[in-house]
Each structure stands twice: as C-alpha cells, then as structure tokens.
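Hi,

Here is the structure I promised to pass on. Have a look at it first, and then read my notes below.

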Amino acid sequence: GTLRSAMRTTLHLSADPPRGARTLADLRKGARGFIEHVPVDDDGLAAELAALRLLPGEGVEVVQVVPFGGPLLVQTAGGLYAVGRGLARRILLAGS
C-alpha cells in the first residue's frame, strides 16, 4: 500500500552501511548526530522506526549507553527510546 512504498522511499532499503561509516552505535553518551540512512528490510520495522522518528534527516542524541553490549537510550523528536546495538550499527549518520 501507500505506507509501504512511502517507507521504502524514506528509509532507503539496503544492506549494512559502508565500512568506516559513522553509525549511531559509534556515539557516546551525550553525543548528537543526524541520521543519513536507515537500512530496513522489513515493512513492520520501517513503520516502527518512522513512529520513533528514527528517519533520515532527523536528529538523535545518545542519552545512555547500557554496558556489556546493551542497548543505547536515544532521544529523538518522537521521544526517548532504547535501540539495540545491532540496529544502531546499521543506522548511518550524516558526515560519515
């Protein structure tokens, strides 16, 4: 439907970000960045990320990094959310 095609356009379906690119997982507590690319291969995940405002062009700040490989607590325009490290490693930030 319309939501599916809009999400695919917005989130740029693709594989992992290029080697050496700066990702959300690279940010430390208190660091901010702007999302450039979010690779998504699942329509449900695409809709969830859009609801969280984890979209290209949106700002994001790392509020807390949970130790031992735990998630990142991030602030977006949509609120405060936990993002798993695996997904955070795939979210490419601007200026990479």
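How many bridges join strand S2 to strand S3, and which way do the two run? Keep in mind while you look that this is a predicted model. There are four bridges between S2 (residues 59–65) and S3 (residues 72–76), and the two strands run antiparallel.

Zooming out, S2 and S3 belong to an open sheet of five strands, ordered S4-S3-S2-S1-S5, with antiparallel pairing. The edges are taken by S4 (79–83) and S5 (92–93); each has a single partner strand, so one side of each has no neighbour in the sheet.

Next, helix H2, which spans residues 43–51 and has Ala46, Leu49 and Ala50 buried. Those three sit on the same side of H2, because the arc they cover around the axis is only 100°. After H2 comes Arg53, with a positive phi near 65°.

Nonpolar side chains tend to be buried together in soluble globular proteins. Here the largest nonpolar core counts 18 residues, and the ones with the most contacts inside it are Leu24, Ile35, Leu54, Val60, Val74 and Val83. At least two residues of this core come from each of H2, S2, S3 and helix H3 (85–88).

Cheers

Terms used:
Residues are numbered from 1 along each chain as its sequence is written. This is a predicted model: local features need pLDDT of at least 70, side-chain atom pairs count only at pLDDT 80 or more; totals for chains, interfaces and linings use all residues. Side-chain values use heavy atoms; hydrogens and water are left out. Two strands pair if DSSP finds at least two bridges between them. Buried means under 20% relative accessible area, exposed over 50%, partly exposed in between (1.4 Å probe, protein chains only). The arc is that of the directions from the helix axis to the C-beta atoms. A nonpolar core is a set of buried Ala, Val, Leu, Ile, Met, Phe, Trp, Tyr and Cys residues joined through side-chain atoms within 4.5 Å.
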